[in-house]
Amino acid sequence: MWNASDEALVAGLGAGDREAALVFIRRFQSRVFGLALSIVRDRQMAEEVAQDTFVRAWRYAGSYDPVRGPAAAWLLGIARNASLDHVRSTARRRDHTAFEALEDLPDPVSDDAEDPYDALAPVTDALRSLPEEQRQVLMATAYYGFTAREISEAWGVPLGTVKTRLRLAVHKLRDELTGVPR
Amino acid sequence: MKRFDCAELAEAAPELILGVLPGDERAAAVAHLEGCPSCQQQVSSLAGLTDQLLLLTPQAQPSAGFEQRVLASLEEKPAPVVPMARGRRHRLRATTWAMAAVAACLLVAAVVLFGGRSGSPAFASGEMRTGGGVVVGEVFVQRERPVTMMMSLPGWTERVQSYGQPSQTYSVRIERDDGPPIIVAMTSTDGAAWITDLDVDPSAITRVAIVDGYGRTWCSAELHASAG
């Protein structure tokens, strides 16, 4: 059980297996909590969100489709949505400005040598290769769920400029990862 | 409704794949994509970036006892019936319909064979559920001798196979209120249906469960008297 793949554990969740749930929680709690903490910026709230994330995963494990992506990404997508729901429901969004969120965004590089997601190093490199203004817009949308319009208003940057930065960032990231020559 | 051309779709695509495009624009984008293979290809090439970005998330440890608190909250919120993974749906559709037909036939057979008498209900039935509350089948137990138990498990094979233990052996545990549980070897786990005779007082049966070789319960049903 402890060596089961992420996908097998999700299948276990779908079957209502609590041992699978325990292994799943242990395997992902630091990632889920880390993401929640990055977004809600409060340890107690982040724990509530992380708990809610695992409850949602338990409830919706049957809808997970391995074809659409790895189980970890599926779970972190749930964590992101749960975090954003929480931020919105507590009306902290206005105080939780994009500037504030982005200025001390932790460097998304794992120091864990045993990390099973070392294969993501190229993504990190590609992210770091982006111009700062493009990287910030991408972070604000991908992690914090801000729309281009919200970023425009928060930063006082024209909407068209924000959209252009986001488009350039996404395309450059894709090209870096797929080896498309520029 | 707002309509997008290809240029507008290209501008909206990053927000679309990152899941932050406002509702009206998302509807316009989706409507455009339905009829534009070229834009579909563009968006497909970007899909997956969000997943990869989320996997870069910095890690942090929650407080001690977190996992136990989560497990406790799972106890309070059992999982509902959920759809099967999309990748399996096509392969299983015919089988699922066949299993549903088997279940329906079993129900009809139960009513015909055991029903129609006055007085107490002729058979008891219950939904077989996993610990998370997912329904994987049904069980019927005749209330009069000779006692016959019928089980329809359309979701069983899927559960076992996806869990990765197809070679596991399973038994049926029959719990009753007039004695210790009875364990019956499960001679078929192909998911279609399983019928066996029981030498027990049928009115004493309260619960039927499928357990694996380690004694873990995979699914169970509380029996309720059904109309005869």
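Here are some friendly notes on the structure above, point by point.

1. **Ground rules.** This is a predicted model, in which local features need pLDDT of at least 70 and side-chain atom pairs count only at pLDDT 80 or more, while totals for chains, interfaces and linings use all residues. Residues are numbered from 1 along each chain as its sequence is written, chains are lettered from A and ligands numbered from 1 in the order in which they are written, and side-chain values use heavy atoms, with hydrogens and water left out.

2. **Chain B overall.** The secondary structure of chain B comes to seven helices and nine strands (DSSP runs numbered from the N terminus: H or I with at least four residues for helices, E with at least two for strands). Of its 228 residues, 46% count as buried; buried means under 20% relative accessible area, exposed over 50%, and partly exposed in between, with a 1.4 Å probe and protein chains only. Chain B exposes about 11,300 Å², and carbon and sulfur atoms supply 54% of that area (Shrake-Rupley method, 1.4 Å probe; for residues, only the protein chains shown count as cover). Among contacts in chain B with a separation of 6 or more, 59% come from residues 24 or more positions apart, a contact being heavy atoms within 4.5 Å.

3. **A hairpin in chain B.** Strands β4(B), residues 170-176, and β5(B), residues 179-185, run antiparallel and are joined by five bridges; strands pair if DSSP finds at least two bridges between them. The two form a hairpin with two residues between them.

4. **Phenylalanines worth a look.** Three aromatic pairs turn up over all chains in a search of the whole structure. A:Phe24 and A:Phe54 make an edge-to-face pair, 6.1 Å centre to centre with 90 degrees between the planes (rings of Phe, Tyr and Trp, the last by its six-membered ring, pair if their centres lie within 6.5 Å; planes under 30 degrees apart are stacked, over 60 edge-to-face, the rest tilted). A:Phe24 sits in helix α2 (residues 18-40) of chain A and A:Phe54 in helix α3 (residues 43-60) of chain A, so the pair ties together parts that are 30 residues apart in sequence. Both A:Phe24 and A:Phe54 are buried. One aromatic cluster is formed by A:Phe24, A:Phe28, A:Phe54 and B:Phe66.

5. **B:Ser73.** This serine belongs to helix α5 (residues 66-76) of chain B. B:Ser73 is buried, at 5% relative accessible area. Its side chain reaches the backbone oxygen of B:Val70 at 2.6 Å. Neighbours within four places in sequence aside, B:Ser73 is in contact with A:Gln51 and A:Val55.

6. In helix α8 (residues 148-155) of chain A, the buried residues are A:Ala148, A:Ile151, A:Ser152 and A:Trp155. They cover an arc of only 100 degrees around the axis, which puts them on the same side of α8(A); the arc is taken from the directions from the helix axis to the C-beta atoms. A:Arg149 and A:Glu153 are exposed on the other side. Just after the helix, A:Gly156 takes a positive phi of about 70 degrees.

7. **A:Glu176.** This residue lies in helix α9 (residues 159-178) of chain A and counts as partly exposed, at 34% relative accessibility. A:Glu176 and A:Asp125 are 51 residues apart along the chain, and their C-alpha atoms are separated by 9.0 Å.

Note on methods
Polar contact = N/O pair within 3.5 Å; in protein donor to acceptor, adjacent residues only side chain to side chain.
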